[in-house]
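Hi everyone, thanks for coming. I'd like to walk you through a structure today, a few helices and loops at a time. Let's bring it up on the screen.

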Amino acid sequence: MKSLFKSLTMAASAAALSLGTLASAHAVDLEFYFPVAVGGKAAQTIEELTNSYMEQHPDVKIDAIYAGSYQDTVSKALTAARGGNPPQLSVILSVDMFTLIDEDVIVAFDEIATSDDDKAWLNSFYPAFMENSQTGGKTYGIPFQRSTPVLYWNKEAFKEAGLDPEKAPANWEEMVSFGQKLVKKDDNGNVTQWGVRIPSSGFPYWLFQGLTTQNGVILANSEGNKTNFDDPKVVEALQYLVDLSTKHEVMAPGIIEWGSTPKAFFEGNTAMMWTSTGNLTNVRDNAPFDFGVAMLPAKERRGAPTGGGNFYIFKDSTDEQKRASVDFVKWITAPKQAAKWSMATGYVAPTPAAWETDEMKAYVADFPPALVAREQLEFAVAELSTYQNQRITRIFNDALHAAITGTKSAEEALKDAQAEADRILAEYR
Amino acid sequence: MTQRLQWIYGWLLLFPAMVMLMAFTHVPAVTTVINSFFSTPRGRREAKFVGLANYENLINDPTFWKVLTNNLWYALATIPASIFLSLLMALWVNDKLKGRSLVRMSFFAPTVLPLIAVANIWLFFYTPGFGLIDQIRMGFFGLPENSWLGSQETVLICMMVVTIWKEAGFFMIFYLAALQTIPPSLREAAAIEGASRSTFFWRVTFPLLMPTTLFVSINAVINSFRMVDHIFTMTGGGPDNASSLLLFYIYEVAFKFWDTAYAATLTVVLLVLLSLIALGQFFFMDRKVHYR
């Protein structure tokens, strides 16, 4: 009897509580999906930022939902949108823009952000990041969690090999010749330290796009409906990548795991590595030796893709929610917040203004490698992005894998991939 | 009248289970078959009837044939190996030996652990250069490092090893339970007759275990088409689809490429394949397994 009474009072007070919240529920509710692709600090920082936004704007309630990897996030957002219950905003890979347009689930920012102030904001980002965020004259994504690959090198290993520890390879030839000096073998002739490591598991197209850009070729047009996979310059770039292992023997053979690459670098298994700037804070915290960060080496030119995630606003929300979403995105990409985010993760702050904040200046003065990514943006191009993006990149990845593992020649693999991509993209031309 | 009432009672009792079975098994299966005859709806374009076009695509899709062959090899290797290993382990821990519960527990441990978690552990084993296997190979035998998951020749075998390791412990439990139902008097009688251990095993134990073997083998077949979690974590189907299996490919087509119609077509293939195997096992083998 007593327990019944107790549960009754509890139910009553719960009802009273929910009435209380109902009374103040004219606030705008936003659901916000975000992915995390690097260490644990990213999720924590996003939550800190949304919480402090809600403190400043009590009329907005943001439910920040960690949705897994980039892949999981786009799957969840699309599934939710198909079920008629999409989030209001989400961070999703910039390259998924065409997919999201094709599925008709997002709106362009220009349709909501119409004031002069808004327009100035839309123009405040680095152009390299906007390449993947605009199509047909409209802006569909706002750069936020953006990165670019850079070269990390172990200064101690360079010194040991008789190289200048302050000088990273500037071009393809130097990367090979440095690599050859850096390779160390044990008494049995087995390699204990490789020269360089360009990971190829999972999404090899991304780092490979560094090589193709340096070789002066673009992989897909900006309409996202035509690829250039079998261009002779792409073939040459792939041949170079394959030769690093087979001919010059400065890189481990076979497919190289993306995830264990920083670890291989820390363990001295490789003296140089190519990986995302998103790993910068990780390397800074964990490398037991002096390391340097440089732009990727050049061939005809310097070059690298951009990468990472953009903010998207979903179609199926009220006008009030859309406006509130734009305001939130505007706030979180403002210099102060962008600087905080960049320092916590290593992602490249997306506006020049963010680099001018006092916090960012102090950080860069203390840790100059953070600047390399920004300098590289001048040479950066849009990450490979097409309609049916996941499928096209999968075809391309398979071709790269086939060439790297030696089942097909570079030329043959890329020709097959181009034919397959043409077949799929034909209906979008 | 009473007969009619019984009829209603019967259906009422069946009703809850039937609704669940219909809603989560039969309706989706039928919808899948229907979807496989339509094109994929995308945003502004509605699905339209395309007849057998999806099936034509399927026949011309080299990736489909590759994952199907992979899956057959995968099944052929993992099913007998895990059954053999589980029987061996069960026979061993069924005997009286020191620390029996500890051994039993360690054999069963892989089953308890989530596959994604153990895949991460195996990922470390297979890491070239500083992974466990390579450290042993390089440290003790002076062999060069090997990219286990990065080569098309070894990657599927590596996946099979993880699966066998994971499954054997689970099947061992069934064999162990079956072994304990065999009356000890049979062993005593055999001993009096002077039968050797191997004769006893092949003539008595093994035939008595046949129903369990049938059950375990059906489970193993289903699992060989169903367990793909470790592929997500370890290889993502690569390199060049060398470690991709049918179900993994279906997931990719459905939730990465968002080509739901083609995914439905692939699912129909999986459905037909599994139904045929299950029918075969129940109808043809069931007659032979029971010891008479």
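Before we look at any helix pair, one definition: a helix axis here is a line fitted to C-alpha atoms over the stretch in contact, and the angle between two axes runs from 0 to 180 degrees between N-to-C directions. Please also keep in mind that this is a predicted model.

Let's start in chain A. Take helix α2, residues 41-56, and helix α15, residues 335-345: their axes come within 9 Å and cross at roughly 160 degrees. Angles over 145 degrees count as roughly antiparallel, so α2(A) and α15(A) are roughly antiparallel to each other. As for handedness, α2(A) passes α15(A) in a right-handed crossing.

Now over to chain B, and to helix α7, which we'll look at with two partners. With helix α10, residues 210-226 of chain B, the axis of α7(B) comes within 10 Å, and the two cross at roughly 165 degrees. That makes α7(B) roughly antiparallel to α10(B). Here, too, the handedness can be given: α7(B) passes α10(B) in a right-handed crossing.

The other partner is helix α4 of chain B, residues 100-112. It packs against α7(B), residues 155-181, at an angle of about 130 degrees, with the axes 6 Å apart. That makes α4(B) oblique to α7(B). And which way does α4(B) pass α7(B), left-handed or right-handed? The crossing is left-handed.

While we're on α4 of chain B, find B:Ala109, which sits in that helix. Its relative accessibility is 32%, so B:Ala109 counts as partly exposed. From B:Ala109 to B:Gln180 there are 71 residues in sequence, and 21 Å in space, C-alpha to C-alpha.

Next, two loop residues in chain A with something to notice in the backbone. A:Asp104 is not a glycine, yet its phi is positive, near 60 degrees. You'll find A:Asp104 in the loop between α4 (97-102) and β4 (106-107) of chain A. With 24% relative accessibility, A:Asp104 counts as partly exposed.

The other residue is A:Gln388, also with a positive phi, about 50 degrees, and also not a glycine. It lies in the loop between β15 (380-381) and α19 of chain A. Is A:Gln388 buried or exposed? Its relative accessible area is 9%, so A:Gln388 is buried.

How many residues line the second largest pocket? There are 38, and those nearest its centre are A:Arg391, A:Glu420, A:Arg423, A:Ile424 and B:Asp259. From chain A, α19 (389-404) and α20 (410-425) each give two or more residues to the lining, and so do α2 (53-60), α3 (62-94), α12 (246-256) and α13 (260-289) of chain B. By residue type, the lining divides into 13 nonpolar, 8 polar and 17 charged.

One last stop, in α12 of chain B: that helix holds B:Glu252. With a relative accessible area of 1%, B:Glu252 is buried. Now look across to B:Gly194: B:Glu252 is 58 residues from it in sequence and 59 Å from it in space, C-alpha to C-alpha.

Methods. Residues numbered from 1 in each chain as written. Chains lettered and ligands numbered in written order. Predicted model: local features only at pLDDT ≥ 70, side-chain atom pairs only at ≥ 80, totals over all residues. Heavy atoms only, no water. 1 Å grid on protein atoms, 1.4 Å probe; cavity = no way out; pocket = protein on both sides within 12 Å on 5 of 7 lines; lining within 4 Å. Helix = DSSP H or I, 4+ residues; strand = E, 2+ residues; numbered from the N terminus. Nonpolar A, V, L, I, M, F, W, Y, C, P; charged D, E, K, R; others polar. Buried < 20%, exposed > 50% of the residue type's maximum accessible area, 1.4 Å probe, protein only. Parallel < 35°, antiparallel > 145°, perpendicular 65-115°, else oblique. Left-handed = near helix turned anticlockwise from the far one by under 90°.
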